[in-house]
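Let's take a walk through this model together, one neighbourhood at a time. Have the sequence and the 3D view ready, and follow along as each part comes up.

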Amino acid sequence: MKIMYGIEVLSDQNSVQSFSNTVQSLKQTVNVFDHDDDFIIVFPALYASDVDPHNSRNIGDTHPLILLENETCTSLFSDYGFQTNFFSYLFKDLVSSFYFTSGKEEEMEMAILQMDDCLLAVEHGVKECYFIDKEYRPFVEKVGKAYDIEVSFLDLDKL
């Protein structure tokens, strides 16, 4: 999991040539990591003010994104992020992430079933890291208490 930045591309009539020209222009300024139809993904952050004024008219807002590399996405995922041909991204400002720090395995499985309707994605790693709409944080905390499970939330601003 890593923070990346999605730059909205404001292509003329969404033309492929305009998008391609904007990508080529940005490659002179920053390392373009990935892209989809609406965003160019870069790291570190790049803002419209950092771009050559000639090309800045094609640059929209910059959004912090969470790069997921070994994930399982739910049906709710597309309301909070997007996928390219290579990776999945969540809009950082919309989500919270948590993992279990203690509890019985069976209780954790039951808690996940209880939370199923609000899960966006799971990143698989040393610990399973779950992503939810940040508004569901109190719900997740209550479910954790009900199942006697310790839930820890990640500070996504420190990634």
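Start with Arg 137, whose charged end sits over the ring of Phe 153, 4.0 Å from the ring's centre. A charge is said to sit over a ring when NZ of Lys or CZ of Arg is within 6 Å of the ring centre and within 35 degrees of the ring normal. Lys 2 makes an arrangement of this kind too: its charged end sits over the ring of Phe 43, at 4.8 Å from the centre.

A word on what you are looking at: this is a predicted model, in which local features need pLDDT of at least 70 and side-chain atom pairs count only at pLDDT 80 or more, while totals for chains, interfaces and linings use all residues. Residues are numbered from 1 along each chain as its sequence is written, and side-chain values use heavy atoms, with hydrogens and water left out.

Now step back to the whole chain. The protein chain has four helices and 11 strands; these are DSSP runs, numbered from the N terminus, with helices (H or I) of at least four residues and strands (E) of at least two. Of its 159 residues, 45% count as buried. Here buried means under 20% relative accessible area, exposed means over 50%, and partly exposed is in between, using a 1.4 Å probe and protein chains only. The accessible surface comes to about 9200 Å², and carbon and sulfur atoms own 46% of that surface; the areas come from the Shrake-Rupley method with a 1.4 Å probe, and for residues only the protein chains shown count as cover. Among contacts (heavy atoms within 4.5 Å) with a separation of 6 or more, 65% are between residues 24 or more positions apart.

Next, look at the aromatic rings. The structure holds 10 aromatic pairs, where rings of Phe, Tyr and Trp (its six-membered ring) pair if their centres lie within 6.5 Å; planes under 30 degrees apart count as stacked, over 60 as edge-to-face and the rest as tilted. How are the rings of Phe 100 and Tyr 130 placed? Their centres are 5.6 Å apart and their planes meet at 50°, so the pair is tilted. Phe 100 belongs to strand E8 (residues 95-102) and Tyr 130 to strand E10 (residues 129-133), so this pair ties together parts that are 30 residues apart in sequence. Both Phe 100 and Tyr 130 are buried. Elsewhere, ring pairs join Phe 39, Phe 82, Tyr 89 and Phe 91 into a cluster.

Helix H3 (residues 105-115) comes next. Its buried residues are Met 108, Ala 111, Ile 112 and Met 115. They cover an arc of only 100° around the axis, which puts them on the same side of H3; the arc is that of the directions from the helix axis to the C-beta atoms. An α-helix has 3.6 residues a turn, so residues three or four places apart point the same way. On the other side of H3 you will find Glu 106 and Leu 113, which are exposed. The buried residues of H3 pack against E8, strand E9 (119-123), E10 and H4.

Gln 114 is also in helix H3, and it is partly exposed, with a relative accessible area of 43%. Leaving out residues up to four places away in sequence, Gln 114 touches Phe 139, Val 143 and Tyr 147.

That brings us to H4, where Val 140, Val 143 and Gly 144 are buried. Seen down the axis, the buried residues of H4 fall within an arc of 100°, so they line one face of the helix. The face turned away from that buried side carries the exposed residues Lys 142, Lys 145 and Ala 146. The buried residues of H4 pack against E8, H3, E10 and E11.

Asp 148 lies in the loop between helix H4 (137-146) and strand E11 (150-153). Asp 148 has a positive phi of about 55° although it is not a glycine, and at 68% relative accessibility it counts as exposed.

For a last stop, find Lys 92 in the loop between strand E7 (88-91) and E8. Is Lys 92 buried or exposed? At 14% relative accessibility, Lys 92 counts as buried. Beyond its neighbours within four places in sequence, Lys 92 is in contact with Ile 3, Pro 64, Leu 65, Ile 66, Leu 156 and Asp 157.
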